[in-house]
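Hello,

Here is the structure for you to look through. My notes follow below it.

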Amino acid sequence: IITGTGGGFTGLYEGYLIDSVGNVQHWEGIAFEGSQKTFIGSLENRQIEKIKYLIKESNVLNTAYDGKGNITTFITLRGSDNAHRISWAGISPDRKVPESIRSFNSRLNEIITFTANY
C-alpha cells in the first residue's frame, strides 16, 4: 500500500509505504519511485490482518475514484500483478468521495499513525 499527498507549486509529495510483510516507511519526493524512504516501524500481525479485512470490508478494490486538485491525495493498492489507485483533491476526502474510500482512508491512517508514534 502506498499513500501520498502533495502537488502544489513545489510538486513534492510525501506519504507512507506499507510492504507485504508490514514494514512501514515514510517517503517524500516528486514521485514515489526514486523517492527518499525512511523506515518508521513494523505492523503487528493483527494490524496486517485488520488492513486486509478493511480492504475486503470496504470493497475499495472495486471502487473507482480519480479526483485531482492543486493538492492531491492518493492511495495505491499494489498486488503481484496489478495496482488499484484512488485519489481526491485536497488532504482529506470530501463528501464527493465515496464513503467506502473515506472510511478506508481514515482507518488506514489510524494504523499508520499508531505505528509512527509507537
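How many salt bridges does the count come to? The count comes to five. Please keep in mind that this is a predicted model. The mean pLDDT over the chain is 91, and 97% of the residues score at least 70. Confidence is highest in strand S6, at a mean of 96, and lowest in helix H2, at 87.

Salt bridges

Side chains of opposite charge can pair when their charged atoms come close. Arginine 46 is exposed, at 53% relative accessibility, while glutamate 44 is partly exposed, at 32%.

Another bridge joins glutamate 49 to lysine 52, with 3.5 Å between the closest N and O atoms. Both residues belong to helix H1 and are three residues apart, which is about one turn of the helix. Glutamate 49 has a relative accessibility of 46% and counts as partly exposed.

In a further bridge, arginine 107 pairs with glutamate 57, and the closest N and O atoms are 2.9 Å apart. This pair links distant parts of the chain, since arginine 107 is in helix H2 and glutamate 57 is in helix H1, 50 residues away. Arginine 107 is partly exposed at 27% relative accessibility, and glutamate 57 is partly exposed at 43%.

The sheet

Six strands form an open sheet with antiparallel pairing, in the order S4-S3-S2-S1-S5-S6. Strand S4 (36–42) and strand S6 (83–89) are at the edges; each has a single partner strand, so one side of each has no neighbour in the sheet. From one strand to the next, the twist averages 15°. Strand S1 (residues 2–7) pairs with strand S2 (residues 12–18) over six bridges, in the antiparallel sense. Within the sheet, threonine 5 is opposite glutamate 14 in S2.

Strand S5 holds threonine 76. Its relative accessibility is 10%, under the 20% limit, so threonine 76 counts as buried. Beyond the residues up to four places away in sequence, threonine 76 touches Ile1, Ile2, Ala83, His84 and Arg85.

In soluble globular proteins, nonpolar side chains tend to be buried together. Here the largest nonpolar core has 19 residues, and Ile1, Ile18, Ile51 and Phe104 have the most contacts inside it. Two or more residues each come from helix H1 (45–58), strand S5 (71–78), S6 and helix H2 (99–117). H2 gives the largest share, five residues. A second, separate core has five residues, among them Ile2, Leu17, Trp27 and Phe32.

Which residues does phenylalanine 104 touch, not counting those up to four places away in sequence? They are Leu54, Ile55, Ser58, Val60, Ile75 and Leu77. Phenylalanine 104 lies in helix H2 and is buried, at 1% relative accessibility. Between phenylalanine 104 and proline 93 there are 11 Å, C-alpha to C-alpha, and the two are 11 residues apart in sequence.

One backbone angle

Most residues other than glycine have a negative phi. Asparagine 59 is not a glycine, yet its phi is positive, at about 60°. Asparagine 59 sits in the loop between H1 and S5. Is asparagine 59 buried or partly exposed? Asparagine 59 is partly exposed, with a relative accessible area of 38%.

Regards

Key: Residues numbered from 1 in each chain as written. Predicted model: local features only at pLDDT ≥ 70, side-chain atom pairs only at ≥ 80, totals over all residues. Heavy atoms only, no water. Pairing = 2+ DSSP bridges. Helix = DSSP H or I, 4+ residues; strand = E, 2+ residues; numbered from the N terminus. Axes fitted to C-alpha atoms, helices over the stretch in contact; angles between N-to-C directions. Core = buried A, V, L, I, M, F, W, Y, C linked by side-chain atoms within 4.5 Å. Buried < 20%, exposed > 50% of the residue type's maximum accessible area, 1.4 Å probe, protein only. Contact = heavy atoms within 4.5 Å. pLDDT = per-residue confidence, 0-100. Salt bridge = Lys/Arg side-chain N within 4 Å of Asp/Glu carboxyl O.
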